[in-house]
Amino acid sequence: MGIISRIAAVAIAVSMVVTTGCRGGMHTGKGGAAAGSVPITVSDETVEVEGIDEPFEIFFLADSHISLCDDRDEELALKANGRSILFKEDGIEAWDRFDALIDAANAGDSDLVILGGDIIDSAMYASVDHVKEKLATLNKPYVYLMGNHDFEYGTEYFSDKAYETYLPRLDEMRDGTDYQIREYEDIIIFTADESNNRITPEVLTAFKETVQKDKPVILALHVPIEPVTGSESLIEESREFFGMQDDVIPVFFGEHGCTPDNTTREFIDMVLSDESPVALVLAGHIHFYHKEMLNERILQIITGAAYTGAALNIKLIPKEEGE
Ligand SMILES: [Fe+2]
């Protein structure tokens with residue numbers, strides 16, 4: 001179930017308390033940080049992409065883990081309280097970091113904002129409303145892909161009830177499919193939702209159609225992909241960050257991570273194949289920044305967590321002839 005990590009361990013512990021009974025009076029509420037007082041770190045990245053004629057800019061954030069709860073979700077009050085403390089970094093609330101990052105996106109020149117999952121930590125109305133209201137101030141188009149926490153609810157985690165009852169609370173910010181495609185004149189942005197460490201057949205089918213279009217593709221996922229270069233730096237850094245000694249670290253897709261099912265394996269093989277039009281993979285989930293080639297040709301950039309103030313501003317520029 002999701003990341004087996006110190007973070008998940010806390011989540012599980014808090015969930016267990018919730019199931020044994022919780023009460024009101026512990027709702028997480030907004031204090032509201034003063035505008036401009038919230039520190040953020042937006043990393044500027046420049047990536048050359050073969051086949052584009054014009055620069056294209058993406059603002060990418062993930063893992064703000066907003067846990068706002070009110071009377072409408074009283075049964076989650078205790079869990080929300082614990083989670084909001086967990087993701088309050090240096091005394092700053094997760095929702096204030098999110099707001100500051102959206103303000104930064106507004107002030108920048110990006111063509112598209114991608115919300116890379118775990119923006120919300122459980123689909124509580126107060127959290128959904130906060131994100132919806134802030135996104136209404138965004139002066140740029142955005143795509144919101146699902147992480148593993150956005151539509152969980154109490155013990156409902158990728159369950160039928162989570163999909164049927166809680167995911168629809170986020171409907172206004174997505175289009176009801178497991179993937180979203182933004183096609184421009186010379187580039188395609190393809191985002192895939194997280195589905196319990198799997199890619200769904202629906203996503204695979206859409207991706208197969210997308211790669212036929214003969215345009216460079218930028219792929220955004222919540223869970224990163226393990227490089228196939230022989231490098232172990234993602235494995236080592238993950239071990240260190242999550243305090244694990246295990247051979248398998250289930251925070252990315254791959255041999256040393258979550259073993260892909262057949263559909264996910266086929267998807268990853270397509271992404272990494274010689275014929276793949278994927279020029280760049282963007283991901284989150286692990287909560288620390290990591291930038292590395294997945295194979296000889298495809299770069300992956302993983303953003304640090306938005307609850308720490310981290311985000312990426314990626315400038316895609318045309319690749320010069322002969323490089
Ligand atoms: Fe995640």
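Helices (H or I, at least four residues) and strands (E, at least two) are DSSP runs, numbered from the N terminus. The model shown is predicted: local features need pLDDT of at least 70, side-chain atom pairs count only at pLDDT 80 or more, and totals for chains, interfaces and linings use all residues. Residues are numbered from 1 along each chain as its sequence is written.

View 1. The protein chain has 323 residues, and 43% of them count as buried. A residue is buried if 20 or more other C-beta atoms lie within 10 Å of its own, exposed if 12 or fewer, and partly exposed in between; C-beta atoms are placed from the backbone. Two residues are in contact if their C-beta atoms, placed from the backbone, lie within 7 Å. Take the contacts in the protein chain with a separation of 6 or more: residues 24 or more positions apart account for 79% of them.

**View 2. Five strands make an open sheet.** The order is β1-β11-β2-β3-β4, and the pairing is mixed. Two strands pair if DSSP finds at least two bridges between them. β1 (41–49) and β4 (142–144) are the edge strands, each pairing on one side only. From one strand to the next, the twist averages 20°. Strand β3 (residues 112–115) and β4 run parallel, joined by three bridges. I114 has V143 in β4 as its bridge partner.

**View 3. Six strands make another open sheet, again with mixed pairing.** Here the order is β5-β6-β7-β8-β10-β9. β5 and β9 are the edge strands; each pairs on one side only. The twist averages 15° from one strand to the next. Strand β6 (residues 188–192) and strand β7 (residues 217–220) run parallel, joined by four bridges. Opposite I188 stands V217 in β7.

**View 4. Strand β10 (residues 299–302) pairs with β8 and with β9.** With strand β8 (residues 278–283), the pairing is parallel, over four bridges. With strand β9 (residues 290–293), the pairing is antiparallel, also over four bridges. β9 and β10 form a hairpin, with five residues between them. Look for Q300 in β10: Q300 is the bridge partner of V281, and E292 stands opposite Q300. In a regular strand the side chains alternate between the two faces of the sheet. In β10, Q300 and I302 lie on the covered face, while L299 and I301 lie on the uncovered one.

**View 5. Helix α6 (residues 201–211) packs against helix α8 (residues 262–272).** The angle is about 20°, and the axes are 9 Å apart. Axes are lines fitted to C-alpha atoms, for helices over the stretch in contact, and angles run from 0 to 180 degrees between N-to-C directions. α6 and α8 are therefore roughly parallel to each other. (Angles under 35 degrees count as roughly parallel, over 145 as roughly antiparallel, 65 to 115 as roughly perpendicular and the rest as oblique.) The crossing of α6 and α8 is left-handed. A crossing is left-handed if the near helix is turned anticlockwise from the far one by less than a right angle, and right-handed if clockwise. P201, V203, L204, F207 and V211 in α6 meet T263, E266, F267 and M270 in α8. The residues of this contact of α6 with α8 divide into seven nonpolar, one polar and one charged. Ala, Val, Leu, Ile, Met, Phe, Trp, Tyr, Cys and Pro count as nonpolar, Asp, Glu, Lys and Arg as charged, and the others, Gly among them, as polar.

**View 6. Helix α3 (residues 94–107) packs against helix α4 (residues 125–135).** Their axes lie 10 Å apart, at an angle of about 15°. That makes α3 roughly parallel to α4. The crossing of α3 and α4 is right-handed. On α3, the contact is made by W95, F98, D99 and I102; on α4, by H130, K134 and L135. The contact of α3 with α4 has four nonpolar, one polar and two charged residues.

**View 7. Helix α2 (residues 77–86) is mostly covered.** Seven of its ten residues are buried. They are A77, L78, K79, A80, G82, R83 and S84.

**View 8. M173 sits in the loop between α5 (160–166) and β5 (179–183).** M173 is partly exposed, with 18 other C-beta atoms within 10 Å. Not counting residues up to four places away in sequence, M173 touches K132, L135 and Y144. M173 and V131 are 42 residues apart in sequence, yet 9.2 Å apart in space, C-alpha to C-alpha.
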